[in-house]
Amino acid sequence: MRHKHTHWLLLFALCLGALVAEHPRALAGEPSAGQNPPLEKSTAHIRPKTKPSNEPEPKKGQIWTDPVTKMEFVYIPGGCFTMGTPADEEGREPDEGPGHEVCVDGFWMGKTPVTNAQYRKYDRNHNSRTYFGHDLNGDNQPVVYVSWEQAREFARWLTRKNHALLGDTGRSEIAIPPEVLQAIRDGKDLSRWLDRQKTGRHSFFLPTEAEWEYACRAGTESARFWGNDSGRACGYANVADQSASKEWRDWRVHGCNDGWVVTSPAGSFKPNPFGLHDMLGNVWEWCLDWYSTKYEIEPKQNPTGPPLSGIGRQVRGGSWDNDPAGVRCGNRSHATPRFIRYNIGFRLIRTR
Ligand SMILES: [Ca+2]
Ligand SMILES: [Ca+2]
Ligand SMILES: [Ca+2]
């Protein structure tokens, strides 16, 4: 009897989760500030620890190559950091505070943003187009003109492909605790939680905002993972630079030349201390969470963002067309889930 009950709960959760995931209220364009409805306070912590696995704990910096796309993932050990920026950081905006301690479990993260060639394994007709005559569609350039929804579908596709290769259906019965049901009512996207209940390995997601910022900082506390000096960006990131200002004279640019007018091939610049390339610059990267100006409603451990906010999904890290204020690990921005543009791409994480 209990078995059946559990099954219905799972169905209920899946349906609600799907509703929440498939029908975001805001659909197009960059929303303006002030559209955010009041957020209900949710005390639920909906991401339990990863289930014990037979695999040994991976080592920091260990590389794993996805057999489907040949995408390389680097292991990021779990830890705690100060999320948000100090009040005196140059270019800071009010939604970057207060600084607060956040802890995340370990995860694997794409060494670079997903490239056009990797994305075209999933959608062979995808076209990342051009920008005023400059090509964005080369095989090794990061994919752009992909929405948050398309990025999520790519992650689901890659998960299915990997599970199929492993002969792993990833199915199991689960019981849903009351705090999770409450979180569903609060509009949380429970895809991460539901997936954690399964037995399947090699599951892919967009990173949460907290995971993204933790990975960008890689143990550093400065505005950028190489320090505070935006003038040193050109060794580490493809940004709005002197090459770009030759084309577009009115752009505000960094005081250096990185050699690239638009997107550069993924991994062209030096990595951060975790071994990740292009975390800052090249393309903005979609994150899993809804955007909210409020950090303080979040749990400290593995935060997954606010309930459905309608204001948009997080994008992080700045891009090839951003001035120094945009290219900082703590900078936050957002766009609606179906928004596409020449400067937004994504990278994936593997949770187990
Ligand atoms: Ca550039
Ligand atoms: Ca980036
Ligand atoms: Ca911002």
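Modeller: Start with Gln314, which stands opposite His334 in S11. This is a predicted model, in which local features need pLDDT of at least 70, side-chain atom pairs count only at pLDDT 80 or more, and totals for chains, interfaces and linings use all residues. Residues are numbered from 1 along each chain as its sequence is written, while chains are lettered from A and ligands numbered from 1 in the order in which they are written.

Biologist: Why is S11 called a strand, and what makes S10 and S11 a pair?

Modeller: Strands are DSSP runs of E with at least two residues, helices are runs of H or I with at least four, and both are numbered from the N terminus. S11 covers residues 332-335. Two strands pair if DSSP finds at least two bridges between them. S10 and S11 have four bridges, in the antiparallel sense, so they pass the cut-off for a pair.

Biologist: Which strand pairs with S10 through three bridges?

Modeller: That is S9, which runs antiparallel to S10. Glu285 has Arg316 in S10 as its bridge partner, and Trp286 has Val315. The open sheet has four strands in the order S11-S10-S9-S12, with mixed pairing.

Biologist: What makes S11 and S12 edge strands?

Modeller: S11 and S12 (344-345) each have a single partner strand, so one side of each has no neighbour in the sheet.

Biologist: Which way do the residues of S10 point?

Modeller: Arg313 and Val315 point one way, and Gln314 and Arg316 point the other way. In a regular strand the side chains alternate between the two faces of the sheet.

Biologist: How do you know whether the residues of S10 are buried or exposed?

Modeller: Count neighbours: a residue is buried if 20 or more other C-beta atoms, placed from the backbone, lie within 10 Å of its own, exposed if 12 or fewer, and partly exposed in between. The four residues Arg313, Gln314, Val315 and Arg316 are all buried.

Biologist: Why is Asn127 called partly exposed?

Modeller: Asn127 has 13 C-beta neighbours inside 10 Å, so it counts as partly exposed. Asn127 lies in the loop between H2 and strand S6 (130-131).

Biologist: What makes H6 largely enclosed?

Modeller: Nine of the nine residues of H6 are buried, so the rest of the structure largely encloses it. Among them are Trp212, Tyr214 and Cys216. H6 is followed by Ala218, whose phi is positive, near 50 degrees.

Biologist: How do you know that the span of H3 is close to what is expected?

Modeller: The expected span is 1.5 Å times one less than the number of residues. H3 (residues 148-166) has 19 residues and reaches 27 Å from its first C-alpha to its last, against an expected 27 Å. Its buried residues include Trp148, Ala151, Phe154 and Ala155. Just after H3, Gly167 takes a positive phi of about 65 degrees.

Biologist: Why is a set of residues called a nonpolar core?

Modeller: The name is used for a set of buried Ala, Val, Leu, Ile, Met, Phe, Trp, Tyr and Cys residues joined through C-beta atoms within 7 Å. The largest such core has 65 residues, and Met109, Ala151, Ala155, Leu206, Ala215, Leu280 and Trp286 touch the most other members. Among the elements that each supply at least two residues of this core are S5, H3, H6 and S9.

Biologist: Which residues are in contact with Met109, leaving aside neighbours within four places in sequence?

Modeller: Two residues are in contact if their C-beta atoms, placed from the backbone, lie within 7 Å. For Met109 the list includes Phe73, Ala215 and Ile349.

Biologist: What is the order of the five-strand open sheet?

Modeller: The order is S1-S2-S5-S13-S8, with antiparallel pairing. S1 (63-65) and S8 (204-205) are at the edges with a single partner strand each, so one side of each is left without a neighbour in the sheet. Within this sheet, S5 (residues 107-110) and S13 (residues 349-350) are joined by two bridges. Trp108 stands opposite Arg350 in S13.
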